[in-house]
Amino acid sequence: MLDVKNLTKVYDDGTVALRDVSFQLEDGEFLIIIGLSGSGKSTLLRCINRLIDPTEGQIMWDGVDIAAAEPAQLREIRRQIGMIFQHFNLVKRSNVLTNVLAGRLGYVNPWTSLLHRFPAEDMEMAMQALEQVGITEQARKRADELSGGQQQRVGIARALMQEPRMILADEPVASLDPVLAHTILGYLEQLNQERDISILCSLHYLDLVQRYATRVVGLRDGRIVYRGSRADIRAMTDEEFKDIYGQEAVRVSVGRTEGKEA
Amino acid sequence: MATRTTQKVAEASLVPPPVAGIASLIFPGLGQVLARQLQRGFVLIGSTIMIIGLFVWRVNLLAARETGFMDTLGKAIGRRPLFVIPTLVGIVALWLWAAWDAYQQAQARRRGGIGVFALVVLLFFALGWQVSEINLYKFVTELSDAKDPLSRVVWPWKAAVTRDIETTSAGADILTPCDDQPPPSPPEETPGQPYVVADPTCGDLSVQEARDNELITVPGTLLTLVGRGFAPNTETQIWWVDPVSNQFRIRQEGEYVSLVTDDQGAFEIEINIPYMLIPPSAEGRVVHHVEARQVSEIGSLKPSEVLLRNIEKMIETIVLGMMATLFGIVFSIPVSFLAARNLMSGSPATMAVYYVTRTILNIIRSIEPMIWAILAVTVVGLGPFAGVIALFVHSIAALGKLYSEAIESIDPGPIEAIQATGATRLQTIMYAVVPQMIPPFVSFSIYRWDINVRMSTIIGLVGGGGIGFLLVQYIRLLDYRSAGIAVWFIAITVATLDYVSSEIRQRFV
């Protein structure tokens, strides 16, 4: 269980990105964070695995405070938490398999891995991960030869290699076609349900939020302004949505059944 | 009707238009400044000062020995009327135009023409023409002087090959002066072997005497040389060998004596005993030797010494460039980390290191390799090592900057992704940083190698070894054919390298 307590982040330039944010993520939840760009979603996700150091507050993970973890302990925690990114963050010049194997770096011998050597089990595991996301035949291609949707699947495969108990997803579909959005979120939902991996995901589109979330947290200007259950979010009206997003927000429909791919 | 609204509604002029005009008549630009057209005014003031300064300088150079103002101007006009008069007219025109422009600018609705600036540019052009001593007439009329050396440089291959030569010679002894003992006897005639008979076999040397303040050459005894048994119809040279074995070709009336043997391989020629100084130490009888020589080429073509030396130096050049590049790469990689802003922005101390490194790199880079070579020569002497040092120093600075910029431009996304997997710092560098840096590093290194080999061809001009060293020697000896071979080698090498390096870079990136 993840328990975020009174998290505050102030950047060096004085920007306050998070103000006293507290929430819990029970195991097996699919928690979606909504909010405008700049509302602090990315900062929140990056504080959880300490890609960004929080200024104040605690992040309890199995009784350990991630915010105060020592480097070795932090790496141990990080490898249990997969992460996927809006811009995929693959190493473009390396091939797909290397990118996926990189997800294993927290487990393997740090010295032999520098020579790009991985145990046979890990190689097999990587092929299985690629199979799971359906891009086995692209394994030897360079990452930048793949389409956006395929690259994000490589990102998921990389996260899977960590055998994660939780996945942080930072706007995983924001740079993809709306149609692909369902494919990617579908994979996450499958992992959530079949492997009991908790998902903490930031999203923009209300349609997608309503379809996938088991719980929703709304952020505005670094504060939590909305907390809703699955039922709440299904019943959410545009008015409530605008409350979180501000008055200028317009609901954008993400086609799933309209057959927009035709 | 649409009114033009392009005039700026800026602050109004400080003075009425006529005052502005008069101010600019006192000095171009003053009126514009008073009309609150500061930029326009200061550019005009600055330009006028520079134009007058340059003009005074050039006029004084043209009439260096005159003192008075009018005398100087008059002399300068006399020497370069086409420069001095139009420039003078131009300066007066600038004065008037600036005044008129100031008057316009000071009016409520400004009209900004740029004509006055066109005149300024024109004046600068005229002065620049003088300062750089451009002389198209000289260039055109004396262009033909370049024909001879240039044709040798362009097509130097005659000097690239050679044949072995064989010299056939025969001669006779000549005694100077005649004495009471019998003169040297002619050599034995052997059939089929060349031999030369001189008649007489003793006589007097040519002498130079001063008469009526003029140097008069009194010709020496006339000798008749008869040769037999030489190769027929072949050019034959006449050489003189003095008792201490100095030898020189005989000239008559300034031209080398040259003759062609007849069908039987025989010749007959008359020469005067030449002028020469006999060292006072020469004692006893002074016996010279006069010789007829036939030089013939034998065997097949082979590369000349010049060609071989050029090849040798070309290899030295390429290796020199490579060594400098290798050392440069090795040393510039650590330096580039210190000069990368994104790596050094952590604390004020590292930022200080960043600024110091950058400054040093910029200073080193702004000094040309040629100058580094001159400095290196003073340390390690002439030769390729000086060139290596010069190019190495410059490469560190150039590569350090390029590499550090490559580091600065890497995508931080993969770094955070790898960090998020629980990787160590070293793993993160290997998996997220290195793959991103290899292409620019390889590309820049090859590019630098290309530049270094190119530079090493001319670093020799100042003694840094390589083919440039050879080239500058040939040019100073006016040996344009040999210089041409060096130029060709440089051109071929640079072009090849250019092609190869761009191919490699394309493959890699």
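Reader: Which residue stands opposite A:Val64 in S5(A)?

Author: This is a predicted model, by the way. Strand S4 (residues 56-61) of chain A and S5(A) pair in the antiparallel sense, over 2 bridges. Looking across from A:Val64 in S5(A), you land on A:Trp61.

Reader: What is the order of the strands in that open sheet of chain A?

Author: The open sheet has 4 strands, and the pairing is antiparallel. Strand S2 (16-25) and strand S5 (64-65) of chain A are the edge strands, since each pairs on one side only. Reading across the sheet in chain A, you get S2-S1-S4-S5.

Reader: And which strands of chain A does helix H1 lie across?

Author: Helix H1 covers residues 41-48 of chain A. Its direction makes an angle of about 60° with S2(A). The strands of chain A that H1 lies across are S1 (2-10), S2 and S4.

Reader: Moving on to strand S6 of chain A, are its residues buried or exposed?

Author: S6 spans residues 81-84 of chain A. A:Ile81 and A:Met83 point one way, while A:Gly82 and A:Ile84 point the other way. Whichever way they point, all of them are buried.

Reader: Does S6(A) run parallel or antiparallel to strand S7 of chain A?

Author: Strands of a sheet can pair either way, through backbone hydrogen bonds. Here S7 takes in residues 166-170 of chain A, and 4 bridges join S6(A) to it. A:Ile81 stands opposite A:Met166 in S7(A). As for the sense, the two strands run parallel.

Reader: Which helix gives the largest share of the side of chain A that touches chain B?

Author: In the contact between the chains, 22 residues of chain A meet 19 residues of chain B. By class, the chain A side has 9 nonpolar, 8 polar and 5 charged residues. The largest share of that side is 3 residues, and they come from helix H2 (residues 71-78) of chain A.

Reader: How many helices and strands are there in chain B?

Author: For chain A, the secondary structure comes to 9 helices and 10 strands. Chain B has 509 residues, of which 31% count as buried. Its own tally is 17 helices and 12 strands.

Reader: What share of the contacts in chain B with a separation of 6 or more comes from residues 24 or more positions apart?

Author: Take chain A to begin with: it has 262 residues, 45% of them buried. Among its contacts with a separation of 6 or more, residues 24 or more positions apart account for 68%. In chain B, the share is 70%.

Conventions:
Residues numbered from 1 in each chain as written. Chains lettered and ligands numbered in written order. Predicted model: local features only at pLDDT ≥ 70, side-chain atom pairs only at ≥ 80, totals over all residues. Buried ≥ 20, exposed ≤ 12 C-beta atoms within 10 Å, placed from the backbone. Contact = placed C-beta atoms within 7 Å. Pairing = 2+ DSSP bridges. Axes fitted to C-alpha atoms, helices over the stretch in contact; angles between N-to-C directions. Nonpolar A, V, L, I, M, F, W, Y, C, P; charged D, E, K, R; others polar.
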